[in-house]
Amino acid sequence: MAYLVRGLPVDKNFRVYAVCCKEIVEEARRLQGLSPVASAALGRALAGVALLSADLKIGKVLLQIKGDGPLGEILAEGDYQGFLRGTVQNPHVYIDPINHKLPVGLAVGKKGFISVVKDLGLKEPYYGSVELISGEIAEDLAYYLTVSEQIPSAVSLGVLVDRDGTILAAGGFLVQKLPEATESELEEIEAKLKNFPPVTSLLSSGKTPEEILQMIFPNLQILEKRPLAWRCTCSEKRVEEVLIAMGRGELEGFLKEGKPVSVTCEFCKKTYHISLERVKELLKEVMDVS
């Protein structure tokens with residue numbers, strides 16, 4: 001089962017989160033026909049955005065990774081209910097493993113940006129962005145949180161892909177410093193995390209998110225355990241809203257072509273067919289407003 005846990009160490013000044021999301025990454029792989037390295041990259045992004053959305057009471061978070069590697073843009077979205085979705089611009093990129101590891105950093109690229117958009121139901125969403133430092137996603141996300149949001153953070157993300165391309169394990173954890181944390185506490189945690197096992201090896205050996213966090217902070221209070229699931233928010237209504245936003249000229253162009261409009265969702269690959277009669281009705285709506 002995919003889920004996220006949120007906790008507080010009883011005797012240390014940190015807040016901690018951990019997630020396992022194998023089923024969600026496998027669903028993305030199945031729907032989008034992801035290559036192994038694309039699965040690893042998108043899976044890390046999905047685990048990362050789940051961690052970013054852990055404290056949400058309303059709204060959603062969008063994580064965008066745009067490097068100069070062959071994968072192109074990576075998008076992952078998570079909301080306050082624990083629903084996730086994501087996509088990769090070039091899902092079929094194949095790169096051979098290096099030292100038995102999928103080269104995510106090479107596929108993402110080191111030049112580019114990692115950006116976070118938080119839509120909390122206010123007039124304007126919050127937007128933050130920093131340059132990529134490695135393309136490995138976990139390091140980049142930790143750098144973003146430390147620099148852009150001014151919260152010193154440690155992030156570990158991982159996806160284990162089987163030889164047939166299916167997902168064996170996926171997840172990660174996030175450790176964030178609270179203002180009261182002392183230098184000695186920071187040094188202790190940094191030393192512990194420096195030699196910490198890869199999160200994929202822990203998850204694939206059967207460790208739960210709670211147990212992983214307890215390896216770092218033995219005296220841990222679990223505040224919440226939230227189920228996670230893949231869910232796409234596309235709909236025919238949203239497609240029609242996009243068509244309306246394209247304006248009169250585009251709608252008239254569709255009518256001149258004389259073919260129904262087909263739109264495929266980049267996240268779930270569902271295709272919506274909008275009839276010419278409906279396009280005429282949408283055009284009338286646009287003309288009435290203008």
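## Close-ups of a predicted model

By the cut-off used here (a side-chain nitrogen of Lys or Arg within 4 Å of a carboxyl oxygen of Asp or Glu), the count comes to 16 salt bridges. This is a predicted model, where local features need pLDDT of at least 70 and side-chain atom pairs count only at pLDDT 80 or more, while totals for chains, interfaces and linings use all residues. Residues are numbered from 1 along each chain as its sequence is written, and side-chain values use heavy atoms, with hydrogens and water left out.

**View 1. Arg-226 and Glu-224 meet in a salt bridge.** Side chains of opposite charge can pair when their charged atoms come close. Here the closest N and O atoms are 3.1 Å apart. Arg-226 is buried, with a relative accessible area of 9%, while Glu-224 is partly exposed at 22%. (Buried means under 20% relative accessible area, exposed over 50%, and partly exposed in between, with a 1.4 Å probe and protein chains only.) Follow the charges and you'll find a network of salt bridges linking Arg-6, Asp-55, Glu-224 and Arg-226.

**View 2. Glu-252 and Arg-248 pair up within helix 9.** Helix 9 covers residues 248-257; helices (H or I, at least four residues) and strands (E, at least two) are DSSP runs, numbered from the N terminus. The two residues sit four apart, about one turn of the helix, and their salt bridge is 3.0 Å from N to O. Both partners are partly exposed: Glu-252 has 28% relative accessibility and Arg-248 has 43%.

**View 3. Strand 5 is mostly covered.** Of the six residues in this strand (83-88), five are buried. Strand 5 pairs with strand 4 (residues 73-79) in the antiparallel sense over five bridges; to pair, two strands need at least two bridges found by DSSP. Look for Leu-75 standing opposite Thr-87. The hairpin of strands 4 and 5 has three residues between the strands, and Gly-82 takes a positive phi near 90 degrees there. Strand 5 also pairs with strand 11 (residues 229-230), this time in the parallel sense over two bridges, with Trp-230 as the bridge partner of Leu-84.

View 4. (Patches use residues with over 30% relative accessible area and no salt bridge, joining like charges within 9 Å and nonpolar side chains, meaning Val, Leu, Ile, Met, Phe, Trp and Tyr, within 5 Å; areas come from the Shrake-Rupley method with a 1.4 Å probe, and for residues only the protein chains shown count as cover.) Leaving out residues up to four places away in sequence, Tyr-143 touches Val-130, Glu-131, Ile-133 and Ser-148, where contact means heavy atoms within 4.5 Å. Other residues of helix 4 are buried, among them Leu-141 and Tyr-144. The buried residues of the helix pack against several elements, including helix 2 (36-52) and strand 3 (60-67).

**View 5. Cysteines, but zero disulfides.** Cys-21 is in no disulfide, and the nearest cysteine sulfur, in Cys-20, is 7.3 Å away. A disulfide here is a pair of cysteine sulfur atoms within 2.5 Å. Cys-21 is buried, with a relative accessible area of 0%. For Cys-265, the closest cysteine sulfur is in Cys-232 at 3.5 Å, too far for a bond. Cys-265 also counts as buried, at 11%.
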